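Please examine the sequence and the model shown below.

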Amino acid sequence: MTGSGRLASVRPVRTAPEKISEKVAESIKNAQETCSEDPASGECVAAWDEVEELSAAASHARDRLKDSDPLEDFCKDNPETIECKTHDN
């Protein structure tokens with residue numbers, strides 16, 4: 001743990017969309033570098049706040065991916081295909 005009470009070795013979650021995961025990894029590296037000399041500085045706290053915000057965004061993105069239905073997504077773009085036709089009785 002750093003002097004600010006935050007863990008110094010945090011790993012990004014890889015099931016989030018790739019760009020968000022990359023940003024989380026970059027922000028962790030930045031926070032570790034920022035906090036290396038003065039873990040109690042305001043800059044250090046702000047850097048870890050950024051990690052926390054990006055991690056939350058990645059989590060929300062994963063949740064959205066879990067809730068999406070691949071067939072429904074496909075049919076939005078391809079309503080004319082046989083897989084997407086609905087029949088009234």
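**Fold, confidence and core**

The chain contains three helices and zero strands, so that, by the DSSP assignment of helices and strands, its pattern along the sequence reads α-α-α. This is a predicted model, and its confidence deserves attention at the outset. The mean pLDDT of the chain is 79, with 76% of the residues reaching 70 or more. Among the helices, helix H1 (residues 18–35) has the highest confidence, at a mean of 90, whereas helix H3 (residues 70–77) has the lowest, at 85. Over residues 1–15 the pLDDT falls below 50, although this stretch has 29 contacts in the model beyond near neighbours in sequence. Where pLDDT is low, the predicted coordinates should not be read in detail.

The interior may be considered next. Of the 89 residues in the chain, 22% are buried. The largest nonpolar core comprises nine residues, namely Val 24, Ile 28, Ala 31, Cys 35, Cys 44, Ala 47, Trp 48, Val 51 and Ala 58. Two elements, H1 and helix H2 (42–67), each give two or more residues to this core, and H2 gives the most, with five. Among the contacts in the chain with a separation of 6 or more, 49% join residues 24 or more positions apart.

The chain exposes about 6,700 Å², of which carbon and sulfur atoms supply 51%. Lys 19 lies in helix H1. Its relative accessible area is 67%, and Lys 19 is therefore exposed. The C-alpha atom of Lys 19 is separated by 9.3 Å from that of Ala 58, a residue 39 positions away along the chain; Ala 58 is also one of the residues of the largest nonpolar core.

Note on methods:
Residues are numbered from 1 along each chain as its sequence is written. This is a predicted model: local features need pLDDT of at least 70, side-chain atom pairs count only at pLDDT 80 or more; totals for chains, interfaces and linings use all residues. Side-chain values use heavy atoms; hydrogens and water are left out. pLDDT is the predictor's confidence in each residue, from 0 to 100. Helices (H or I, at least four residues) and strands (E, at least two) are DSSP runs, numbered from the N terminus. Contact means heavy atoms within 4.5 Å. Buried means under 20% relative accessible area, exposed over 50%, partly exposed in between (1.4 Å probe, protein chains only). A nonpolar core is a set of buried Ala, Val, Leu, Ile, Met, Phe, Trp, Tyr and Cys residues joined through side-chain atoms within 4.5 Å. Accessible areas come from the Shrake-Rupley method with a 1.4 Å probe; for residues, only the protein chains shown count as cover.
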